[in-house]
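The sequence and structure are shown first.

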Amino acid sequence: MKNLKRFMVLSLLLVLCLSFTAFAQVVTIDFLNFSSSGDNEVHLEKMREIFEAQNPNIKVNIQTIGYGDYFVRLMTSVVAGTAPDAFELNFENFAAYAMKGTIMPLEELMEKTGFDTSVSDPNALAAFRSDGKQYGLPFSFSNVIVLYNKDLFDQANVPYPNSDWTWADQLDAAIKIRALGEDIFGIFQPIQFHEFYKVVRQNGGRLFNADMTKFTVNTPENVETLQYMVDRVQKYNVMPTEEQLSGMGDWDLFAAGRLGMLVTGSWAFPYMMENCDFDWDIAVEPGNTAKATHFFANGLVINKDTDKAEAAFEWIKFLSTSKEAAEIRVQAGWELPAVTHQEILDLYAATTPPESKSVIFESLQYLVTPPVIEQFGELSDILGRHLGDARDGFVTPQEALDAAQAELESRITL
Amino acid sequence: MGKKLTIFLFLLPSLVGLVLFSIIPIGTSLYLSLTEWDVIGGPPKFHGLKNYVQILQSEEMGRILGNTLYFIVLYIPLILTVSILVALLLNNPYKGIGIYRTIYYVPVLTSWVAAALLWKWLLNARYGAVNAILGWFGIQGPSWLQDKAWAMPGVVLSSIWKDMGYFSLIFLAGLQGIDKTYYEAAEIDGASSFAKFRYITLPLVTPTLFFVMVICIINSFQLFPQVMVMTEGGPGGATQVFVERIYNYAFRYYKMGYAASLSWILFAFIFVATIIQLRMQKRWVHYDS
């Protein structure tokens, strides 16, 4: 009797111990993201289900916040010491977080887990390096191409854009399409910082010197570039003025069939598929003396202070490189997975419209990334203000860029 | 002793709120204004008055002040005139005047974000109601929010619409506080209604006018939600104002110390403007004693 009792107590203790260790093995990580907000939360949820099935010891607590509030929220949680274990950063904010040491370098974890870098898109992976260290894994990427309305091109009797097009060819086509009607415009390409740093590259210019120690905003190449952009609005009016646009979005203008060409991101595809009742396709952006195309990426990073780094790494690795996650992403039309799996790329290319999906990959040959500087937001606002002044005809492109150069020199530390 | 303790205990809830949500944040922001703090990269670094010097020397400061003054110059005369006129209308003993008073007050209760979105469309250059109405009189309306010269007037228009109800309510109270016997005496003397307004109503409503002006100036310096929603400081910085800049420096540019200094400078401006008004009031405010 006494023995039985002892046995029962012992076995109970054993069970308790076992269950405790089992509990201890399940790690719950917090993950904060913006890019699934809106329509894609269900797809992220699907990725999580697959991940948790594959990794029974890790549970992921996903929090999704819209892009508009995301960085304020993230910043406050970092200050309060309650930052999530893993989170998403866009390329522009990544630099600040890496340089401030808020996020963890991943080299050690990559080595430990035998991370195969060949699975990741090399450009996207390189985007999340800072000071020679890998701080993030790419979540998705996207680039900018020229969407064009085939019907308007046919009506204007202009050949469709191709990869060899130059600024002059594009302007020529835009002028002919503009002639089709008072309310029809040739092209739309926003005149703001995000376009400008790329368009100057198409003319052999740059906003910074080679080692990023000085601004070179008002060089002759850049002035010529801005002149070309402004002329499309003011002189040829192939692009609507702010007044002609009157608050109408550029996507809507295109979807309404009133725009020949639209320079915009691959993230516009789902919207255009839904809203365009005419034939449209895409082409690589034209250049003047050189070719240059945008490259945007969202990355996944790990909080420097987390004690669950390994679990967090498994999760971001899954999101970044697994075939399962990539497939869900492609099927949902949710930007581009940053992977090199051939069947995933084939699947992507097979999803139409646009017919010329290969343009997306062709564009990657000419990619330019946004400048990596800490004061990114401020730089973008200051330059944007001067570009707007030129666009609206208050100052000449030369004056605008001279003023921008002076202001940036005094306000931004490179 | 026991009595003091009781008093203290009763005061405690509001004291805690005051200390926690006002005194401590004010003190912290004063300290932060003397530091450089990018929020995400560790604790604030003390660097004295550098932020203040930088702000006061910056070109931006001139622009912010210019824009704020532009707002004040347009807003104050308009809001005073409009809300006094509305108050005079609402002071009449019409049937169902209560309904009108309510209608005029509705914009005050509307959220600024909703109101600003609405005004963004009303001020649309091509499809907006404002330009359509101007069009009836053969006036080609400007492209309000896209035009450097007209963006601030656009913001002013929306602010007038929004604030009119509030200030006319205050004026209404002021008007109703005027002793009826003055008017009776004036009528016996055969004064016209303009004369009655000019020599009785206006002087006796000056205390209210003074109060409204002080509040309006303070509100003008703190201009924010309408700008944030309608123009985001644009076009070309034409509607950049104090609070909009403070928000951007703190939450978009990661310069919390700089933003804190800017908010203390804003405080200084409001403080000085209010002192000046208090000093000036002896010259034009009549208290009916």
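A residue is called buried if 20 or more other C-beta atoms lie within 10 Å of its own, exposed if 12 or fewer do, and partly exposed in between, with C-beta atoms placed from the backbone. The model is predicted: local features need pLDDT of at least 70, side-chain atom pairs count only at pLDDT 80 or more, and totals for chains, interfaces and linings use all residues. Residues are numbered from 1 along each chain as its sequence is written, and chains are lettered from A and ligands numbered from 1 in the order in which they are written.

**Chain A**

Of the 414 residues in chain A, 44% are buried. The C-alpha atoms of chain A fill a box of roughly 100 × 50 × 35 Å along the principal axes. Chain A contains 19 helices and eleven strands; these are DSSP runs numbered from the N terminus, with helices being H or I of at least four residues and strands being E of at least two. Two residues are in contact if their C-beta atoms, placed from the backbone, lie within 7 Å. Among contacts in chain A between residues at least 6 apart in sequence, 75% join residues at least 24 apart.

In chain A, the contact between the domains takes 13 residues from domain 1 and 15 residues from domain 2. On the domain 1 side, helix 4, helix 6 (122–127) and helix 16 (342–350) of chain A each supply at least two residues. The largest share of this side, five residues, comes from helix 4 of chain A. By class, the side has nine nonpolar, two polar and two charged residues; here Ala, Val, Leu, Ile, Met, Phe, Trp, Tyr, Cys and Pro count as nonpolar, Asp, Glu, Lys and Arg as charged, and the others, Gly among them, as polar.

In chain B, the contact between domain 1 and domain 2 takes 16 residues from each. Helix 11 and helix 12 of chain B each supply at least two residues of the domain 1 side, and helix 12 gives the largest share, eight residues. That side divides into ten nonpolar, four polar and two charged residues.

**Helix 12 of chain B**

Helix 12 of chain B (residues 256–284) has 29 residues and reaches 42 Å from its first C-alpha to its last. This is close to the expected 42 Å, a span defined as 1.5 Å times one less than the number of residues. A kink of about 25° is centred on B:Leu278, the bend at a residue being the angle between axes fitted to the seven residues ending there and the seven starting there. The buried residues of helix 12 are B:Met256, B:Gly257, B:Tyr258, B:Ala259, B:Ala260, B:Ser261, B:Leu262 and B:Ser263. Their cover includes helix 1 (2–32), strand 1 (35–36), helix 2 (50–57) and helix 11 (242–251) of chain B.

**Contact between the chains**

Between the chains, 22 residues of chain A are in contact with 21 residues of chain B. The chain A elements that give two or more residues to this contact are helix 3 (67–79), helix 4 (91–99), helix 11 (242–245) and helix 18 (376–391). Helix 18 of chain A gives the most, with five residues. The chain A side divides into seven nonpolar, seven polar and eight charged residues.
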